[in-house]
Amino acid sequence: MDTCISRPANAFFLFGITLLASLCLFGARSSDALAGTWDTPVAVTSGNAVFWGKAFTAVDSSGNVTAVWSELRSGYYGVYASRYSGSSWSTPVLISAAGSDATQAAIVVDSAGVVTAMWNVTSGNNNIITAARYSSGSWSSPVAVSGSDRNASDAYPQMAVDSSGVITAVWSQNLNAGYVFPVVIKASRYSSGAWSAPVQLSQSNCNAQYPQVSTSGVGTAVAVWTGCDSTFSNNRVQSAQFSSGTWGASTTFEPSGGSGIFESAARITADGAGVITAMWSRYSYSTSKYRMIVSRLVAGSWSAPAEITGDLGGAGDPRLAADALGNVTAIWLQRDATNSKY
């Protein structure tokens with residue numbers, strides 16, 4: 001299980017430990033991750049369990065931590081949540097509907113401390129993006145966001161919340177039954193107590209997957225994903241912006257050299273001034289090498305994509321973080337000099 005770290009004044013760390021093909025979810029805490037020490041890890045879940053994917057956390061301005069994950073119990077995967085409020089983790093509670101498989105959990109928290117969790121529910125022949133909210137000490141009943149008449153296979157829902165508490169969610173969704181071409185990017189926004197009708201951000205004649213979303217200020221949002229070029233034969237990073245109450249047309253980052261280049265693994269973050277930075281991996285079929293690429297969105301316009309590494313034997317899975325001063329930190333996986341290991 002991947003690590004998830006969030007640090008306002010304190011730092012929190014969740015990880016899984018393998019126990020006979022099962023997992024226990026553990027948490028650790030530091031009062032100051034830079035100068036202090038880490039507490040002894042404590043179990044968040046009880047006994048052995050089987051998990052799907054990753055655990056994610058969100059931390060509010062008071063330091064309360066909410067963790068969500070997908071866990072196999074009673075014959076189905078459910079989304080569970082636990083809260084850390086000062087001294088201990090609460091007993092995990094099931095927040096998805098009992099009896100239906102729920103996976104791919106995501107989480108955000110707004111400035112008022114209201115938590116929103118989102119996940120993908122398998123229901124008959126459909127996979128449905130579903131959400132629930134935590135406020136005033138309890139979780140709401142789950143509600144369908146994507147609608148029940150379409151598949152949302154490999155959905156990977158992602159969310160971002162602005163300073164006014166408006167949430168933007170994005171996911172990938174099949175337009176046809178049976179998990180077949182095409183796959184498109186859909187988006188919905190939560191405000192005034194309800195989710196908006198989903199809108200399609202990507203073109204309909206191309207598979208688009210792995211969306212990410214961020215917000216550059218109140219009433220705005222930016223999404224990026226992996227789509228395709230105008231020939232429908234090469235993977236390209238694409239983007240769409242929400243402003244003035246509507247989504248604009250998608251933009252494709254076309255690299256110099258055109259064909260023979262495969263791009264993937266786009267990530268996105270926003271700094272304190274609302275400047276968006278996107279980063280992704282670029283593979284050249286002619287050189288069999290990778291390079292890491294960045295572009296920045298300032299005042300509504302993306303900068304020309306820039307290569308920040310030379311040729312690499314293997315590179316990908318970038319992660320980004322930006323602070324209030326505009327500093328952006330990026331990490332990624334990269335093969336060593338012998339090209340034998342990451």
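Is Glu-254 buried, exposed or partly exposed? At 41% relative accessibility, Glu-254 counts as partly exposed; buried means under 20% relative accessible area, exposed over 50%, and partly exposed in between, with a 1.4 Å probe and protein chains only.

Some ground rules. This is a predicted model, where local features need pLDDT of at least 70 and side-chain atom pairs count only at pLDDT 80 or more, while totals for chains, interfaces and linings use all residues. Residues are numbered from 1 along each chain as its sequence is written, and side-chain values use heavy atoms, with hydrogens and water left out.

Back to Glu-254 and the salt bridges. A search of the whole structure finds eight of them, a salt bridge being a side-chain nitrogen of Lys or Arg within 4 Å of a carboxyl oxygen of Asp or Glu. One joins Glu-254 to Arg-236, with the closest N and O atoms 3.1 Å apart. Glu-254 sits in the loop between strands S23 (251-252) and S24 (261-270) and Arg-236 in strand S21 (residues 235-243), so the bridge ties together parts 18 residues apart in sequence. Strands here are DSSP E runs of at least two residues, numbered from the N terminus. Arg-236 is buried, with a relative accessible area of 0%.

Next, Glu-307. Its side chain meets that of Arg-282 in a salt bridge of 3.6 Å, N to O. Arg-282 is in strand S25 and Glu-307 in strand S28 (residues 306-307), so this pair ties together parts 25 residues apart in sequence. Arg-282 is buried at 10% relative accessible area, and Glu-307 is partly exposed at 41%. Glu-307 also forms a salt bridge with Arg-291, the closest N and O atoms being 2.4 Å apart. Arg-291 belongs to strand S26, so here the parts tied together are 16 residues apart in sequence. A network of salt bridges links Glu-263, Arg-282, Arg-291, Glu-307 and Asp-311.

Now a charged residue without such a partner. Arg-133, in strand S11, is buried yet has no salt bridge; the nearest side chain of opposite charge, Asp-110, is 4.4 Å away. For charge, Lys and Arg count as positive and Asp and Glu as negative; His and the chain ends are not counted. What Arg-133 does have is a side-chain polar contact of 3.3 Å with Tyr-190. A polar contact is a pair of N or O atoms within 3.5 Å; within protein, one must be able to donate a hydrogen and the other to accept it, and residues adjacent in sequence count only if both atoms are side-chain atoms.

On to the nonpolar cores: sets of buried Ala, Val, Leu, Ile, Met, Phe, Trp, Tyr and Cys residues joined through side-chain atoms within 4.5 Å. The largest has 16 residues, and those touching the most other members are Val-68, Val-79, Ile-95, Val-115, Ala-117, Trp-119 and Trp-139. Strands S7 (76-84), S9 (102-109), S10 (115-123) and S11 (126-135) each give two or more residues to this core. Apart from it lies another core of 14 residues, among them Ala-106, Val-108, Ala-131 and Trp-195.

Last, the cysteines. The whole structure has one disulfide, meaning a pair of cysteine sulfur atoms within 2.5 Å. This disulfide joins Cys-206 to Cys-228, S to S 1.9 Å. Cys-206 is in the loop between strands S18 (199-200) and S19 (209-214), and Cys-228 is in strand S20 (residues 221-228), 22 residues apart. Both cysteines, Cys-206 and Cys-228, are buried.

Definitions and conventions
Helices (H or I, at least four residues) and strands (E, at least two) are DSSP runs, numbered from the N terminus.
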